[in-house]
Amino acid sequence: MVVIVDTISNPLRPRHPEKVNRPDSASPPKPDWIRVRAPNTRGYADTRNIVRANGLHTVCEEAGCPNIGECWDKKHATFMIMGDTCTRACAFCNVKTGLPNALDASEPRNVAEAVAKLGLAHVVITSVDRDDLTDGGAEHFAQTIRAIRAACPSTTIEILTPDFLRKDGALEVVVAARPDVFNHNLETVPSRYLTVRPGARYFHSIRLLQRVKELDPTIFTKSGIMVGLGEERHEVQQVMDDLRSADVDFLTIGQYLQPTRKHHAVMRYVPPDEFSSYEKIAYTKGFLMVSASPLTRSSHHAGEDFARLKAARAASAR
């Protein structure tokens with residue numbers, strides 16, 4: 001059993017106060033194909049030290065990503081800006097929830113310095129939801145993009161943003177900063193939103209991705225979902241159609257893993273052959289890139305995938 005009390009920053013404050021009184025939800029035992037090695041390499045330690053030295057947060061740690069050992073060994077880290085506390089309480093997510101602190105004005109510069117130290121050719125920047133901010137943190141995203149461009153002109157930038165729900169004009173600010181890839185995850189199928197992602201709206205997220213293309217057709221768009229949350233196969237295929245109607249280029253599909261017993265249970269571990277089937281179907285629907293496997297995550301192999309994405313666009317334009 002995993003204890004969900006944060007004993008580092010405040011021993012009296014639960015990491016997920018909204019989940020403390022929930023009954024435990026038991027998931028089935030993990031199958032062999034979902035297991036990973038514990039991180040213990042020199043590259044992992046070096047990456048961790050750079051993250052700590054610059055006072056940064058990563059979604060790799062905060063969300064308990066199973067690929068952290070592999071990615072950090074290669075000095076690939078996904079930076080999480082605007083603090084480590086989210087204003088929403090999604091049933092699947094392990095990021096802390098509550099009232100966040102004020103934005104750190106030095107964070108964009110610190111992220112850019114870390115990108116330079118790690119020598120990243122491609123970087124992924126994500127954030128917590130900041131519903132407390134009038135622009136949802138859009139200007140902070142833009143400042144971070146500009147800081148990386150100034151410090152590392154050759155580095156390509158992928159962002160994974162919140163939905164900016166009810167934040168008029170916020171998306172336009174982020175798109176104007178011209179990231180190379182704009183990612184916003186749907187996370188699950190529409191029928192599961194009330195229990196899995198209650199603070200979000202499915203069709204708003206679809207429209208957000210569509211609007212990115214309307215504002216700047218050169219930006220690659222990307223979205224992802226988790227499976228194993230009780231969705232049906234036909235619902236996954238409908239999500240594919242909805243994303244293609246918004247001209248989304250890249251789809252990721254991965255297995256949901258339960259962070260603690262207070263989070264949403266894993267309803268089913270989807271076998272690898274089903275992921276292969278989803279990948280084939282998605283390509284027939286017109287996605288330029290598809291990554292579907294039990295351990296697929298939004299930023300896993302992001303640099304290699306970006307190169308393949310550019311090649312696929314070039315090939316389709318011939």
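This is a predicted model: local features need pLDDT of at least 70, side-chain atom pairs count only at pLDDT 80 or more; totals for chains, interfaces and linings use all residues.
Residues are numbered from 1 along each chain as its sequence is written, and side-chain values use heavy atoms, with hydrogens and water left out. Mean pLDDT (the predictor's confidence in each residue, from 0 to 100) is 91 for the protein, and 95% of its residues reach 70 or more.

Helix α4 (residues 107–118) packs against helix α5 (residues 138–151) at about 40 degrees, with the axes 8 Å apart. Axes are lines fitted to C-alpha atoms, for helices over the stretch in contact, and angles run from 0 to 180 degrees between N-to-C directions. Helices (H or I, at least four residues) and strands (E, at least two) are DSSP runs, numbered from the N terminus. Contact means heavy atoms within 4.5 Å; among the residues that meet are Val111 and Val115 in α4, and Ala147 and Ile148 in α5.

Turning to the sheet, its 8 strands form an open arrangement with mixed pairing, in the order β1-β2-β5-β6-β7-β8-β9-β10; two strands pair if DSSP finds at least two bridges between them. At the edges lie β1 (57–58) and β10 (289–292), each pairing on one side only. Helix α4 packs on this sheet, touching β2 (78–81) and β5 (122–127), and α5 lies across β2, β5 and β6.
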